[in-house]
Amino acid sequence: MKLYETATCPQLPPVTATQKADILAADRTAEIHRSLFIRVEALNCLETGGRADKAVLQNSLNIAAWNVERCLNPLGTADLLRAQNPDVVLLSEMDNGMARTGQRNTIAEVADALGMQYTYGVEFFEMGLGGPTERPYCADDFNALGFHGNGILSRVTPDAVALIRLDDHGHWFCSDTGADLDQPRIGGRMAVAAILPCDAGKICVVSTHFESNSGAAGRQSQMDRLMAAIDAFAPGLPVVIGGDLNTGNHLPNADWTQETLFAAAQRHGYDWQANADGMTTRKSLLTLHPDRAMKLDWFAIRGGTMTPTSIIPALEPDGTPLSDHELICAYYNVAD
């Protein structure tokens, strides 16, 4: 598995009927998963689109990070983001061609509504329609594309972008992982990175999503791989990582303080101090009865400074939830 890929396209190519049949018929092993993974072009490139309205960003930029839980409501999602006036948005769990979200390219719709450029990568190709709370939203009995992933919105066109794979062993495909395998999927946790021009030079921003169904050691391994890829892709640049790190998931009492990824990142020069106290999950349209509140969403920076993070309720004006994760925002100062 390469540290990162830089191929881009204006529209991710669909998975072929032959590939789908092979996935359904395949033995659920890591070796088979890797062979299938390599064949799916959409898992190995990034979709780019939208439009940028600035040539460069100012040295103080407003950055948002948000796991939007499939993005059932792209326009409502855009409205909440617009109210924060972000320069950069780091998004995760964005559907593209899934029946549960009306077969829409959700990140493209949010980018269009905000007048921003987008870069999108596929975390999983999903062949199923989703879990029990998702299926009532499906008007179709098929997925047009079956893509689910992470992305970046920005007010400038990136100088370079990268797709960073954090695993390829098929945690949600193989029969020996303990994951829910009722919905066949291939892919793995990943990040999207972009180098953006600012008045003071360049900055690397990273949207990522770590594994929920693992322990602390698994997530630290993903953090280690992510930092190595960033060092290779954007050597010497200031870095902002934002996203759902699933901290505390599958740990006793959902205790995020037991995660080792924080100290691992600190040893590589990253700072977590801007993150505000408070949980970042909530009840939503799809997560009806959460059994615990968790602190999953974070910013980590290397170089520059960041103001204290705001945790913004993921609600429409009438109180309807937009996600099971709150939106987090902060100002990052490149030159400090």
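Analyst: Helices (H or I, at least four residues) and strands (E, at least two) are DSSP runs, numbered from the N terminus. The model is predicted, so local features need pLDDT of at least 70 and side-chain atom pairs pLDDT 80 or more, while totals for chains, interfaces and linings use all residues. Residues are numbered from 1 along each chain as its sequence is written, and side-chain values use heavy atoms, without hydrogens or water.

User: How many residues of strand β5 are buried?
Analyst: Strand β5 covers residues 117–126. Buried stands for under 20% relative accessible area with a 1.4 Å probe, protein chains only. By that cut-off β5 is mostly covered, and the count of buried residues is 10 of 10.

User: How many bridges join β5 to β6, and how many join β5 to β8?
Analyst: Strands pair if DSSP finds at least two bridges between them. Strand β6 spans residues 147–154 and runs antiparallel to β5. Strand β8, residues 185–187, is also antiparallel to β5. The bridges to β6 number 8, and those to β8 number 3.

User: Which residue of β5 does Glu-47 stand opposite?
Analyst: Strand β2 (residues 46–50) runs antiparallel to β5, with 4 bridges joining the two. Glu-47 faces a residue of β5 in this pairing, and that residue is Tyr-120.

User: Why do the buried residues of α4 line one face of the helix?
Analyst: Helix α4, residues 106–114, has Thr-106, Ile-107, Val-110, Ala-111 and Leu-114 as its buried residues. The arc is taken from the directions that lead from the helix axis to the C-beta atoms. Seen down the axis of α4, the buried residues line one face because they fall within an arc of 135°.

User: What covers the buried residues of α4?
Analyst: Contact here means heavy atoms within 4.5 Å. The cover includes the helix α3 (74–84) and the strand β3 (60–70). Also included are β4 (88–96), β5 and β6.

User: Which residue takes a positive phi just after α4?
Analyst: The phi angle in question is about 65°. The residue that takes this value just after α4 is Gly-115.

User: What volume does the largest pocket have?
Analyst: A pocket is an open set of points on a 1 Å grid over the protein atoms alone, with protein on both sides within 12 Å along at least five of seven lines, and lining residues have an atom within 4 Å of a point. Its lining holds 41 residues, with Arg-70, Trp-172, Ser-212, Thr-287 and Asp-324 nearest the centre of the largest pocket. Strands β3 and β5 each supply at least two residues of that lining. Taken as the space filled by probe spheres set on the points, joined across faces, edges and corners, the volume of the largest pocket is about 1100 Å³.

User: Which element gives the largest share of the lining of the second largest pocket?
Analyst: The second largest pocket has a volume of about 180 Å³. Its lining residues include Met-1, Lys-2, Arg-34, Phe-37, Ile-38, Leu-163 and Arg-165. Helix α2 (30–39) and strand β7 (160–165) each supply at least two residues of this lining. The largest share, 3 residues, comes from α2.

Key. Buried < 20%, exposed > 50% of the residue type's maximum accessible area, 1.4 Å probe, protein only. 1 Å grid on protein atoms, 1.4 Å probe; cavity = no way out; pocket = protein on both sides within 12 Å on 5 of 7 lines; lining within 4 Å.
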